[in-house]
Amino acid sequence: MEDHENDYSEPRGVNFDFRGFLFKALNLWKLVLLSIGIALIVAYLINVRKQNIYRLDSLISVETEQNPFFTANTSISFNWGGVSGKVGKIMTSVKTRTHNEFVVDSLEYYMQYLKQGKYRMEDIYKDAPFIVKLDKTKGQLLGPPIGIRFINDNQFELFIDFAGTVANLQRPIDKERLQANVTKGPFKATYSFGQAITLPFFNATIIPRPNRIAQENSEYFVRFLNFDGVVSGFQNGIQIGPFSKESASVLKLSLTGTNKSKIVDYLNATSAILSKMELERKNLYATNTIKFIDSSLNAVNDNLKDVTDEMNTFRKKNKVFDVSDEMQIISEKLKGLDIQKEQEQSKLNYLNALETYLRTKTDYTKIAAPTSVGIEEGNILASVSKITALAIERQNLEYTTKEGSILFKDIDNQLDSEKNVLLETIDATSSTIRSQLNALTKNIGNLEAQLSGLPEDQQEFLKIQRKMNISQQAYDVYLSKRGEAAIVKAANVSDITTIDEAKDIGGGLIGPNKSLNYMMALMVGFFAPMFLIFVIFLLDNTIHGSDEVERLSSIPILGLIGKYNYKNNLVVFEKPKSAVAESFRSIRSSLQFIYKKQGKEEGRGKTIMITSSVSGEGKTFCSINIATVYALSGKKTLLLGMDLRKPKIFGDFGMTNDKGVVNYLIGECSFDEMNTGSFIENLDVIPSGPVPPNPSELFMGPRMKLLMEHVRQHYDIIVLDTPPLGLVTDALELTQYADATLFMVRLDYTKKGMLSLINAKYKMGEVKNISFVLNFYKHKTNHNYGYGYGYGYGYGYGYGVYGNAYHEGNGKRPLLRRIKKFLRINT
């Protein structure tokens with residue numbers, strides 16, 4: 001033992017014990033398994049309650065703008081503008097609120113057809129056996145579902161339970177929010193199919209859906225949702241993008257939802273509305289041109305009627321006469337010049353009107369085609385086409401971009417620049433046309449002078465005939481051009497075509513990902529208890545194994561005592577063949593080696609002091625059984641009850657505690673008077689005696705030395721059952737009489753900090769010849785955290801503060817300890 005004192009070193013640093021944590025987790029495998037089971041059950045309940053989520057898609061193509069009837073022989077040219085950026089505009093349009101409002105409104109998706117399912121209201125859409133024809137001019141109830149119960153093939157019952165007296169409504173035609181007074185409580189009314197329902201909160205006609213049969217007393221529901229909320233949901237949900245890098249003009253539309261039929265209809269309606277709006281945009285230029293030609297045609301037609309009436313009136317007043325061939329030739333020349341003059345004048349009028357329009361208007365989408373009046377000037381045609389295309393692009397941008405955006409400024413700058421160029425071109429072209437008109441007027445004047453020699457009636461006839469020819473020619477030209485424009489418009493097809501429409505062909509399921517949910521459940525079920533075990537392991541400051549003792553202290557371990565449930569502390573005496581009895585024999589052998597190493601003189605008794613850090617660690621149990629093994633080996637042994645604060649050992653030997661060590665120390669009796677012996681051969685037991693008020697002072701008195709001298713002379717082994725060293729100073733007063741000190745460490749009970757206390761006292765020399773005895777020891781096959789032995793016999797000590805520990809418990813184990821016992825694995 002002296003050598004051991006000299007070999008003292010600081011305990012090694014406390015690092016995280018990964019092996020200990022691992023075996024702790026293995027020991028609590030039931031908890032981990034239970035957690036995984038609960039997590040899997042939760043995952044199953046989530047999976048069966050979650051609605052299936054589907055994703056369907058369709059393909060549309062954005063083609064180059066063209067018309068199958070537009071050829072080089074067509075006199076009217078319609079320039080629709082370039083195709084640059086069209087794909088991007090379509091992709092933007094699909095995500096706009098305006099577009100989604102059109103689709104939602106056309107499909108009436110603000111109205112749901114519902115049926116009560118096992119876990120929720122199910123949206124059955126077209127599977128409902130009835131159709132609701134709404135009166136869109138009146139308000140419909142928002143929020144609560146309206147029940148429809150089938151009575152028979154001709155009648156149904158409408159029912160709802162109102163929570164208040166005011167109902168919120170929305171009018172489908174203009175989406176205005178309204179309120180209506182209703183009667184609080186249940187509402188029921190019977191109607192016939194096809195009968196108009198007019199209620200403050202519901203206005204519609206319900207008719208049976210073809211090819212759908214409803215059973216009697218089956219219940220369905222209709223619910224109206226806020227229009228803006230529904231639109232926002234589809235606006236955020238619909239996706240559009242290029243189908244592939246190789247085919248940028250082919251776009252893929254996709255949408256997710258819980259009802260495949262609704263997804264199919266929404267995607268197909270989106271394609272149809274996109275195509276329709278694109279066709280209207282394309283026809284805008286042609287429509288404006290037809291309107292311009294129609295207005296010109298009406299004016300020419302009125303003029304032709306007036307001239308025709310004038311000719312008829314002239315013929316009635318004058319006889320029919322012939323004009324000479326020479327005069328007829330001159331008249332034909334005048335006719336050709338008049339037609340040319342009329343054509344040039346039409347061009348000039350168009351250019352003047354176009355100039356005025358450009359200077360006074362801001363909407364340039366209503367410009368008629370210059371070719372409608374025969375203008376073939378390339379610069380004018382190009383400028384008008386570009387201005388029209390930019391104006392349409394700006395108009396489309398208003399649906400997708402906030403006012404004040406830099407995109408508007410960019411388009412406006414391009415419009416202003418192109419407009420200025422066109423105005424300059426118009427001015428130059430107008431000057432040229434005016435020069436041509438002046439030349440034509442001069443030529444016409446010369447030819448008219450040649451006809452001045454004719455009689456007045458013939459001159460009048462030729463003049464009327466010229467006006468009639470001009471009007472007829474103009475009428476024929478405008479009529480021809482209008483026909484061409486109408487053909488071009490009628491032959492127009494949208495540049496957006498559906499390649500692959502949305503269709504429910506099975507599949508499309510994307511959620512819930514049940515496998516992922518189960519995997520997540522496995523992970524959570526495993527890692528949650530592992531984390532809990534990790535936290536508990538970190539916060540756990542009790543000693544669980546011999547390796548922890550070795551890591552925390554350099555004091556040697558003398559022996560190990562396993563678990564043995566028995567009715568009293570006399571295990572060695574009554575069960576000498578038990579494993580626990582062998583443990584105490586092993587400790588006896590180790591103590592003999594220590595005594596021999598100390599070289600104590602023969603003939604004097606050897607003392608063994610047994611102590612611990614706190615109560616409940618097995619001091620009394622160990623004292624009784626060590627004394628017993630010595631006595632059974634033939635050694636004259638004395639067991640002294642030195643725990644004066646809480647006498648204990650007398651109970652197992654069937655003696656009273658009326659007289660003992662205390663009585664001797666205060667001089668009330670002699671040694672022989674307090675020594676009552678025992679029923680075990682060679683073993684004398686002296687109890688503590690009555691509890692004194694000053695135990696420490698008694699141990700410091702002279703009679704204590706006399707007592708120890710006396711027992712050393714008359715006994716071979718003296719076992720001292722002392723109080724806990726970590727709580728009171730009594731045991732320190734007794735260390736001077738101890739040849740060997742056994743410090744009890746109860747696994748899963750003793751705190752790690754108590755080893756620091758005994759280390760400090762050992763280092764300072766307050767205790768000597770000390771060794772650890774591990775009680776409640778567990779076999780090390782699993783790092784002292786699982787299988788093995790343990791000491792289970794109750795000692796009568798409590799746990800915690802020493803003062804509280806000296807009260808007897810009621811024998812009931814706390815719930816937490818019972819749960820821990822259930823989760824433990826014992827072998």
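Residues are numbered from 1 along each chain as its sequence is written, and side-chain values use heavy atoms, with hydrogens and water left out. Since the model is predicted, local features need pLDDT of at least 70 and side-chain atom pairs count only at pLDDT 80 or more, while totals for chains, interfaces and linings use all residues.

Let's begin with the sheet. Seven strands make an open sheet with parallel pairing, in the order β18-β24-β23-β19-β22-β20-β21. Strands and helices here are DSSP runs, numbered from the N terminus: E with at least two residues for strands, H or I with at least four for helices. Two strands pair if DSSP finds at least two bridges between them. At the edges stand β18 (557-561) and β21 (683-686); each has a single partner strand, so one side of each is left without a neighbour in the sheet. From one strand to the next, the twist averages 20 degrees.

β18 pairs with β24 (residues 770-775) over four bridges, in the parallel sense, and Gly559 stands opposite Val773 in β24. Helix α22 (residues 752-764) packs on the sheet and touches β23 and β24, its direction making about 165 degrees with that of β24. Another helix, α15 (residues 579-598), lies across β18, β19 (606-612), β22 (717-721), β23 (740-746) and β24, running at about 170 degrees to β18. For the geometry, contact means heavy atoms within 4.5 Å; axes are lines fitted to C-alpha atoms, for helices over the stretch in contact, and angles run from 0 to 180 degrees between N-to-C directions.

How many residues of β19 are buried? Seven of its seven are, where buried means under 20% relative accessible area, exposed over 50%, and partly exposed in between, with a 1.4 Å probe and protein chains only. One side carries Lys606, Ile608, Ile610 and Ser612, the other Thr607, Met609 and Thr611, and both faces are covered. β19 runs parallel to β22, joined by five bridges, and it pairs in the parallel sense with β23, also over five bridges. Met609 has Leu720 as its bridge partner in β22 and stands opposite Thr741 in β23.

On to charges. The whole structure holds 21 salt bridges, each a side-chain nitrogen of Lys or Arg within 4 Å of a carboxyl oxygen of Asp or Glu. In one of them, Asp57 and Lys252 have their closest N and O atoms 3.8 Å apart. Asp57 sits in strand β1 (residues 53-62) and Lys252 in strand β15 (residues 250-257), so this pair ties together parts 195 residues apart in sequence. Glu157 and Arg149 form another, at 2.1 Å between the closest N and O atoms. Glu157 is buried at 16% relative accessible area, and Arg149 is buried at 18%. Elsewhere, salt bridges that share partners join Arg97, Glu101 and Asp228 into one network.

Last stop, the surface. Phe16, Phe18, Leu22, Leu26, Phe531, Phe534, Leu538 and Leu539 make a nonpolar patch of about 840 Å². Two or more residues come from each of α2 (18-27) and α12 (514-539), and α12 gives the most, with four. Patch residues have over 30% relative accessible area and no salt bridge; like charges are joined within 9 Å, and nonpolar side chains (Val, Leu, Ile, Met, Phe, Trp, Tyr) within 5 Å. Accessible areas come from the Shrake-Rupley method with a 1.4 Å probe; for residues, only the protein chains shown count as cover.
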